[in-house]
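This report concerns the complex displayed here. Please inspect the sequence and the coordinates alongside the text.

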Amino acid sequence: MMESRVIETHDLTKRYRGFEAVSNLNLRVGAGRITGFLGRNGAGKSSTIKMLMGISRASSGSGTLLGRNIDDAAQSCESRRHVAYVAEDKQTYGYLTVAEMIAFTRSFYADWNVDMERRLLKQFELPPQRKVRVLSKGMRTKLALLLALARRSRLLILDEPSEGLDPVSIEELLQALVAAAADGTTVFFSSHQIAEVERVADQVCIIDRGSLVADTSLDQIRQEYRRITFGFSTVPPRVDFPGESIGVARTDGRQVTVMAARNAEAIIERGHRLGAASVETTPVSLRELFLAIVKEDSHDALV
Amino acid sequence: MIFTLNPSSGQPLYLQVMQQVRHAIETGVVQQGDVLPGVRTLSQQLVISPNTVVKAYSELEHEGLLELRHGSGAYVSGRRAKKSRSDRFRLAQERVRALVDKLQRDGLSEEEIHRLVEAELFYPASAGSKIVRQQ
């Protein structure tokens with residue numbers, strides 16, 4: 001089944017004075033799903049999102065947002081009418097009150113969802129008469145989210161939405177995201193919080209040093225990715241599982257451990273044939289996978 | 001009904017949801033005619049992707065355990081013979097208990113038994129078989 005893509009980039013690159021923040025990024029995000037964009041601080045997440053949103057220009061490469069070119073001003077403008085974006089700094093007009101900010105934003109959108117606005121205002125416990133300037137970080141995020149969700153956009157892009165929020169606010173944020181997805185909005189959010197991505201995302205794209213290093217579904221990780229540890233009674237043979245393992249096999253004394261992306265059975269079989277005395281298999285969490293990938297020096301993409 | 005999901009376990013979340021619904025039906029905690037929360041509500045309640053709930057519900061519908069009515073939720077349809085099912089479960093439990101007893105008498109520790117069972121579930125001994133999927 002061919003799924004339509006809301007985001008697609010080809011060798012997208014952003015250079016700042018000789019430093020490549022994003023380098024030859026090939027990102028594909030499917031419609032109708034929640035995709036987590038995971039990476040360390042400075043991995044290139046925000047730079048990527050800013051290029052997608054037409055806020056900064058790509059140094060080279062290309063990309064499409066809802067099928068329209070991101071570096072064509074008119075096309076980018078057209079696609080952005082259907083995209084709601086919550087920026088990292090959640091900037092709004094500080095001198096307005098919450099109610100004024102909502103009314104101001106509402107005036108731009110004919111299709112504004114008033115029910116959603118009222119529901120979220122209540123759920124988020126936002127004080128309508130308070131000035132935006134004096135809102136806490138969590139409140140400001142919630143306001144930005146309300147403004148983004150009430151627009152009935154096809155695609156919701158959030159840059160580090162949970163940054164600086166307390167656990168309760170993060171929970172409310174994630175609930176709002178899954179509710180938006182249930183209403184048919186495609187969600188793409190960047191984060192360096194592994195647990196929240198693991199919980200709500202259907203798909204995870206991992207970016208490291210500006211390049212995509214993994215693009216996989218969470219179901220696939222749970223179902224197929226395994227850490228396999230072989231124990232040998234003699235000096236372990238040098239083992240290599242190209243194409244199936246992530247990174248190199250690690251050897252410690254008479255034990256060899258390998259992380260399999262697929263075909264765990266085949267790897268176990270090979271281990272047995274090499275004379276392994278014991279085999280242990282455990283599932284791989286997103287955290288383990290992330291660490292294995294971004295700590296690896298080699299830059300072989302898994303996509 | 002109350003779900004307990006583990007996002008880090010080696011089992012897709014939709015399978016965890018399915019398993020828990022199935023178990024609740026088998027034990028009678030959830031019965032024919034009961035209504036499970038709709039996709040939006042359940043995904044918000046569990047804070048998981050609605051696609052996960054959709055997948056779990058539609059597979060359960062396929063198995064004849066749920067009937068999805070648009071806009072009004074997921075109705076439990078008792079097409080499965082609940083009684084014999086729960087009997088089977090009890091029987092299986094007795095057999096597992098006997099096996100665990102025997103293994104313990106053979107000197108295996110609780111943890112070793114746990115690992116053996118887990119390994120067998122993830123990778124059945126028959127070579128070339130796929131990773132176990134719930135029936």
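## Confidence of the prediction

The model is predicted. For the complex, the predictor reports a pTM of 0.83 and an ipTM of 0.86.

In chain A the pLDDT averages 89, and 93% of the residues reach at least 70. Residues 297-303 of chain A, however, have a pLDDT below 50; this stretch has 11 contacts in the model beyond near neighbours in sequence. Chain B has an average pLDDT of 83, with 84% of its residues scoring at least 70. Its stretch with pLDDT below 50 spans residues 126-135, for which the model contains 12 contacts beyond near neighbours in sequence.

## Domain organisation

Two domains are assigned in chain A: domain 1 covers residues 5-218, and domain 2 covers residues 226-283. A distance of 40 Å separates the C-alpha centres of domain 1 and domain 2 of chain A.

Chain B is likewise divided, into domain 1 at residues 13-76 and domain 2 at residues 82-122. The C-alpha centres of domain 1 and domain 2 of chain B are 28 Å apart.

## Helix 10 of chain A

Helix 10 of chain A comprises residues 286-295. Its buried residues are A:Leu286, A:Leu289, A:Phe290 and A:Ile293. These residues lie on the same side of helix 10 of chain A because they cover an arc of only 100° around the axis. The other side of the helix carries the exposed residues A:Leu291 and A:Lys295.

Against which elements do the buried residues of helix 10 of chain A pack? Their partners in chain A are two helices, helix 7 (194-200) and helix 8 (218-224), together with strand 4 (34-38), strand 10 (203-208) and strand 11 (211-217).

## The largest nonpolar core

In soluble globular proteins, nonpolar side chains tend to be buried together. In this model, the largest nonpolar core contains 107 residues. Which of its residues touch the most other members? They are A:Leu143, A:Ala148, A:Ile157, A:Leu177 and A:Ile206. Helix 6 of chain A (residues 167-182) supplies the largest share of this core, with 10 residues.

A:Leu143 illustrates the surroundings of one such residue.

Definitions and conventions:
Residues numbered from 1 in each chain as written. Chains lettered and ligands numbered in written order. Predicted model: local features only at pLDDT ≥ 70, side-chain atom pairs only at ≥ 80, totals over all residues. pLDDT = per-residue confidence, 0-100. Contact = placed C-beta atoms within 7 Å. Domains from an automatic or database assignment. Buried ≥ 20, exposed ≤ 12 C-beta atoms within 10 Å, placed from the backbone. Helix = DSSP H or I, 4+ residues; strand = E, 2+ residues; numbered from the N terminus. Arc of directions from axis to C-beta. Core = buried A, V, L, I, M, F, W, Y, C linked by C-beta atoms within 7 Å.
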